[in-house]
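Trainee: I am new to reading protein models. Can we walk through one together?

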Amino acid sequence: PYLHNLARYDAWANEQLIASLQDSPATDERAIHLTGHLVAAKGVWLRRIRGEDTMAYDLWPKHPVEKFAALLRELDQDMLARTSSEAENFDRSIHYRNQTGKYFDTKLVDILIHVVNHATYHRGQLATAVKNAGGTPAVTDYIAWIRFLASGGTDQSPPPASRGIGR
């Protein structure tokens, strides 16, 4: 359940981010750029896992918040389904090529951990962009999710007004 818990955390943190961006008084160009990348990168990795060629995908598209939210939720559901599968072999190697055409073989477990870690990094950048725009940044730390669950929250609960349970 470790990978599934990471996927649950990632989906929760993304919901916090979406709410924060929607509530922000302004969304600057950098935030739009980063949200596009967050969605594109997750989508590219999930396609690579399915064996699809991703060379043609733009890793830095520009998406308005509304489109970003819908795409990210769809990708989160894909990752949640994949990590909850008892039939999945997480130690299997995924053969893929990156955006420059170089081939790699990486264990599925390592890719899934990377996907969550990558999103965490960019959510931090987006929190700064929201704060700089005068908004309230989302608290998306893993420990905030653990505290949220401990306080009776569920994965289906709406984001708390405070965007988390403190740092």
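Trainee: Which residues does Asp 10 touch, not counting residues up to four places away in sequence?

Mentor: This is a predicted model. Here Asp 10 touches Lys 42, Asp 76, Val 116, Ala 119 and Arg 123, with residues up to four places away in sequence not counted. Asp 10 itself is found in helix H1, residues 2-23.

Trainee: Is Asp 10 buried or exposed?

Mentor: Buried means under 20% relative accessible area. Asp 10 has 0% relative accessibility, so Asp 10 counts as buried.

Trainee: How do I read the side chains along strand S1?

Mentor: Start with the general idea. In a regular strand, side chains alternate between the two faces of the sheet. Now look at S1, residues 93-97. Ile 94 and Tyr 96 point to one face and are buried.

Trainee: In what sense do S1 and S2 pair?

Mentor: They pair in the antiparallel sense, over five bridges. In S2, Thr 106 is the bridge partner of Ile 94. The two strands form a hairpin with five residues between them. In that turn, Gly 101 has a positive phi of about 95 degrees.

Trainee: What volume does the largest pocket have?

Mentor: About 260 Å³. Its lining has 15 residues, and Val 39, Gly 43, Arg 47, Leu 71 and Leu 75 lie nearest its centre.

Methods. Residues are numbered from 1 along each chain as its sequence is written. This is a predicted model: local features need pLDDT of at least 70, side-chain atom pairs count only at pLDDT 80 or more; totals for chains, interfaces and linings use all residues. Side-chain values use heavy atoms; hydrogens and water are left out. Helices (H or I, at least four residues) and strands (E, at least two) are DSSP runs, numbered from the N terminus. Buried means under 20% relative accessible area, exposed over 50%, partly exposed in between (1.4 Å probe, protein chains only). Contact means heavy atoms within 4.5 Å. Two strands pair if DSSP finds at least two bridges between them. On a 1 Å grid over the protein atoms alone, a cavity is a set of points where a 1.4 Å probe fits but cannot get out, and a pocket is an open set with protein on both sides within 12 Å along at least five of seven lines; lining residues have an atom within 4 Å of a point. Grid points are joined across faces, edges and corners, and a volume is the space filled by probe spheres set on the points.
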